Amino acid sequence: MISSPLSTTVHAAGAAFDRLAPIYDQKFTDTLIGRAQRNAVWKVLLKTFNHDDNILELNCGTGEDALFLAQHGISVMACDASQEMITHAEQRFEAQTTPLPVVFCHLPTERINELAPVRRFDGVFSNFSGLNCIEDLAPVAASLSQFVKNGDRLLLCFSTRVCLTEIFYHLALGQKRKALRRLSGHTQATIDGVTLDVHYPSLHQIRRSFGSHFRLCSTTGIGVAIPPSYLEPWARNHPAAFRILCRLESLLARVPLLRSTGDHVLLCFEKVSV
Ligand SMILES: C[S@@+](CC[C@H](N)C(=O)[O-])C[C@H]1O[C@@H](n2cnc3c(N)ncnc32)[C@H](O)[C@@H]1O
């Protein structure tokens, strides 16, 4: 594992996630729901990238996916806007032996072009909503297009604009504002007193942002039957029902329309010539 500090400037989302980093794995990665949603992403991840590929990972967090990729013979350059997330990721790797090196880099996605032109990758991966912290995705798409060749793929997991489970759950509790919070396309989240902007682009908007360089080749729902992570206490108290939802997930994940109304959506784009 090699760490490469390219950036030292403060980044709003990075500062917010710095606060979450020490408890991120406990609050998400190691939960029943976090694990079930990540397993669903990993199934697609292994079908998208190949052994010996070299992947650029955006918003890598505490490095759970980088470790998984490295264990499957895929080398990774993993970036994040949060120095604390990067530090936790590096610590995770200290305790592991992986067949391939992982390079961690404290670098916000908005500045990913700073890696060019020296870098070439076989694909790009972004998991669990890091790209929802970016207001304008088109410049990011343009930067990413420099790193990969025609036919190479991006696998990007976004929080959706419409999450049916969230809407029904909060409406049932009479919490209309929470039920509808994603629908305007933008909200502010507060992590331990630090506020960050979160964007919920529609599928159409995402396609448009990436469309000059990439073609959408598949859409997989993540968290269509599996609920959002704040329902972890319910999942723990209802293990049989949760197991049924996990089985239903793979059936519903590919159903047109429904697949874009889960907690997340996983989009596979292919680089095309312009
Ligand atoms: C919900 S976490 C997901 C982390 C990791 N991908 C995972 O699967 O567990 C979102 C991550 O995005 C990072 N992030 C948010 N905005 C970012 C940006 N503009 N550039 C790079 N990373 C960003 C945060 O620091 C955080 O680590």
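An oxygen atom of the ligand sits 2.7 Å from an N or O atom in the side chain of Tyr24. That is a polar contact, meaning a pair of N or O atoms within 3.5 Å. The model is predicted, so local features need pLDDT of at least 70 and side-chain atom pairs count only at pLDDT 80 or more, while totals for chains, interfaces and linings use all residues. Residues are numbered from 1 along each chain as its sequence is written, and side-chain values use heavy atoms, with hydrogens and water left out.

| Residue | Protein atom | Ligand atom | Distance |
|---|---|---|---|
| Tyr24 | side-chain N or O | oxygen | 2.7 Å |
| His11 | polar side-chain atom | nitrogen | 3.3 Å |
| Asn127 | polar backbone atom | nitrogen | 3.0 Å |

On its own, the ligand has 590 Å² of accessible area (Shrake-Rupley method, 1.4 Å probe). The protein covers 96% of this area.

Helices are DSSP runs of H or I with at least four residues.

Now the helix packing. The axes (lines fitted to C-alpha atoms) of α2 (residues 32-48) and α10 (residues 239-252) come within 11 Å and cross at roughly 20 degrees. The two are therefore roughly parallel (under 35 degrees). Between α2 and α3 (residues 64-71), the axes come within 12 Å and cross at roughly 40 degrees.

Definitions and conventions. A polar contact is a pair of N or O atoms within 3.5 Å; within protein, one must be able to donate a hydrogen and the other to accept it, and residues adjacent in sequence count only if both atoms are side-chain atoms. Axes are lines fitted to C-alpha atoms, for helices over the stretch in contact, and angles run from 0 to 180 degrees between N-to-C directions. Angles under 35 degrees count as roughly parallel, over 145 as roughly antiparallel, 65 to 115 as roughly perpendicular and the rest as oblique.
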